[in-house]
Amino acid sequence: MAQTARLRSSTRLSGTGMAAPSTKGVAPGRLPVLGHAIPLRRRPLEFLAALPAHGDLVEVRLGPQRAYLACHPELVRQVLLDPRTYDKGGPLFDKVRPLVGNGLFTSAWAEHRLQRRLVQPAFHSSRTASYAAVMCEEIDAVLGSWQEGRAIDLGATLHALTVRVTTRTLFSTTIGGRAVADVQQCLPIILRGIYRRMTAPVGLLERLPTPENRRFEQARGRLRAVIDETVQGCRLSGADNGDLLSILVGAQDEESGERFTDDDIRDQVMTLLIAGTETTASVLAWTFHLLSRHPEVEQQLQDEADRVLDGRLPAFADLPALDYARRVVTETLRLYPPAWLLSRIVTGETELCGQKLKPGTVVLFSPYVLGRNPHSFSGPDRFDPDRWLPERASSVPRGAMVPFGAGSRKCVGDTFGLAEANLALAAVSTRWQLRPVPGTTIRPKPEAALGTGPLRMLPEPRRFGAGARGTNP
């Protein structure tokens with residue numbers, strides 16, 4: 001029988017007042033063969049959010065396979081800070097790896113160490129300013145295209161923006177406009193296909209020659225071809241264009257002397273394209289949706305933009321002063337983290353929350369569930385950017401806020417993505433207010449990233465404050 005009592009150990013986690021993990025349970029509603037595949041497919045967020053009531057570590061079934069969801073932040077920390085024992089893997093990653101390659105996101109521990117050393121220089125802090133300049137150019141172009149009262153699909157607009165930013169920082173001048181358009185067209189199809197394959201209880205449907213499967217394979221083939229052509233062009237030119245691709249082509253590990261092959265680079269570029277577009281676009285879409293429902297937060301954000309920017313667009317040097325924008329983005333990440341469910345696979349016998357785990361056992365964790373835990377966050381459903389003021393953030397349990405992961409496998413591009421999100425948020429706050437088109441209904445769309453779906457909004461020029469002195473489009 002599942003242990004559902006919420007008895008807590010008398011031991012408390014230092015500095016948080018939160019009880020140490022102690023309880024185990026079993027998710028209700030398991031079906032023969034399918035396990036919990038149906039609720040995970042049809043209503044995954046509701047299903048996952050209900051599981052902490054059954055224990056700190058909850059058994060679920062992915063089809064016939066037993067897995068465990070770590071609901072307590074301390075258990076998540078144990079998993080993330082021990083990547084050798086809890087390696088990347090499980091049915092989620094095993095289905096993604098053949099589709100996007102063996103890049104940083106999907107590679108196993110031993111391969112990841114080398115890959116991380118080779119990729120890390122591309123995201124050194126010294127390069128962030130040049131990347132931010134590209135971000136600001138693209139953000140300015142998007143804002144300049146908006147017209148008062150003319151509705152836009154903000155989700156699609158932001159996705160197009162992040163695709164252009166990512167492709168320009170990846171490929172600089174080595175990729176043409178047609179190739180950028182191909183990337184922009186292919187990525188959404190690939191992401192939808194990946195999610196469907198991740199959540200399918202058996203691997204039959206994706207092998208059928210359906211129109212959707214054919215579109216997926218065509219999009220994946222085209223994207224791989226664009227990357228291969230660009231990599232070959234970069235190798236032949238031998239030039240350092242100051243972009244991410246030039247760094248990957250020229251990277252050599254100091255310890256082993258190894259370099260990336262063309263196939264390796266393709267895998268890394270596929271990973272960076274997916275991670276650098278859908279995630280940032282999703283966070284920004286949710287941010288503007290939340291701002292439209294919380295005018296008091298929007299006003300504080302605009303006041304900061306007016307004070308810091310005085311009507312001009314932001315630049316990289318402004319980021320430290322845009323503290324409220326940073327808190328707004330952080331709070332959005334808590335409520336709507338793009339990576340809403342992740343898995344690890346146990347590589348050796350171990351124990352988690354008193355549960356003995358054998359090699360091959362799948363362990364899951366959900367940043368979405370962690371961010372809405374009332375034991376970690378007071379009023380967890382309330383949009384409150386000030387909860388990230390230093391004096392309040394210090395009480396958040398470690399492991400409760402992991403939208404980018406933690407430890408040696410923390411997202412290599414987290415600083416890149418946050419810079420892009422904060423710059424876009426401040427720029428929009430300087431020039432525009434965004435209001436939902438009447439009748440618009442938004443529900444979380446959990447696919448490869450946690451998106452909003454179509455988000456139709458009306459741009460209204462800023463009319464008050466220092467921002468009104470700037471040039472409106």
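Partly exposed, as I use it today, means a relative accessible area between the two cut-offs: buried is under 20%, exposed is over 50%. Keep that in mind. One more point before we start: this is a predicted model.

Let's begin with D310. Is D310 buried, exposed or partly exposed? Its relative accessibility is 45%, so D310 counts as partly exposed. D310 sits in the loop between α12, residues 295–309, and α13. Its backbone is worth a look. Most residues other than glycine have a negative phi. D310 is not a glycine, yet its phi is positive, about 50°.

C353 is another such case. Its phi is near 55°, again positive in a residue other than glycine. You will find C353 in the loop between β7, residues 350–352, and β8, residues 355–357. Here the relative accessible area is 15%, so C353 is buried.

Back to α13. This helix covers residues 323–335, 13 residues in total. From first C-alpha to last it reaches 19 Å, close to the 18 Å expected at 1.5 Å a residue. How many of the 13 residues of α13 are buried? Eleven, so the helix is mostly covered. Among the buried ones are Y324, V328, V329 and L333.

Now strand β6, residues 342–346, which holds L342. L342 has 13% relative accessibility, so it counts as buried.

Side chains of opposite charge can pair when their charged atoms come close. The whole structure has 29 salt bridges. Let me pick a few.

Start with R117 in helix α5, residues 109–119. R117 forms a salt bridge with D253, and the closest N and O atoms are 2.8 Å apart. D253 lies in the loop between α10, residues 244–250, and α11, residues 262–293. That puts the two partners 136 residues apart, so this pair links distant parts of the chain. R117 also meets E255 in a salt bridge, at 3.9 Å from N to O. E255 is in the loop between α10 and α11, 138 residues from R117.

E255 is exposed, because its value is 64%. R117 is at 31%, so it counts as partly exposed.

Next, a local pair in helix α9, residues 211–237. E217 and R220 form a salt bridge, with the closest N and O atoms 3.3 Å apart. Why about one helical turn between E217 and R220? Because they are three residues apart in the helix. E217 is partly exposed at 40%, while R220 is buried at 16%.

There is also a network: salt bridges link E137, E138, R164 and R168.

Last, the surface. R192, R214, R215 and K445 gather in a patch of positive charge. R192 belongs to helix α8, residues 177–199. It is partly exposed, because its relative accessibility is 39%. Its C-alpha is 29 Å from that of G399, 207 residues away along the chain.

A nonpolar patch comes from L31, V33 and L34, with about 250 Å² of accessible area together. V33 is in the loop between β1, residues 24–26, and α1, residues 37–42. At 63% relative accessibility, V33 counts as exposed.

Methods: Residues are numbered from 1 along each chain as its sequence is written. This is a predicted model: local features need pLDDT of at least 70, side-chain atom pairs count only at pLDDT 80 or more; totals for chains, interfaces and linings use all residues. Side-chain values use heavy atoms; hydrogens and water are left out. Patches are made of residues with over 30% relative accessible area and no salt bridge: like charges are joined within 9 Å, nonpolar side chains (Val, Leu, Ile, Met, Phe, Trp, Tyr) within 5 Å. Accessible areas come from the Shrake-Rupley method with a 1.4 Å probe; for residues, only the protein chains shown count as cover. A salt bridge is a side-chain nitrogen of Lys or Arg within 4 Å of a carboxyl oxygen of Asp or Glu. Lys and Arg count as positive and Asp and Glu as negative; His and the chain ends are not counted. The place of a charge is taken as NZ of Lys, CZ of Arg, CG of Asp or CD of Glu. Helices (H or I, at least four residues) and strands (E, at least two) are DSSP runs, numbered from the N terminus. Buried means under 20% relative accessible area, exposed over 50%, partly exposed in between (1.4 Å probe, protein chains only). The expected span of a helix is 1.5 Å times one less than its number of residues.
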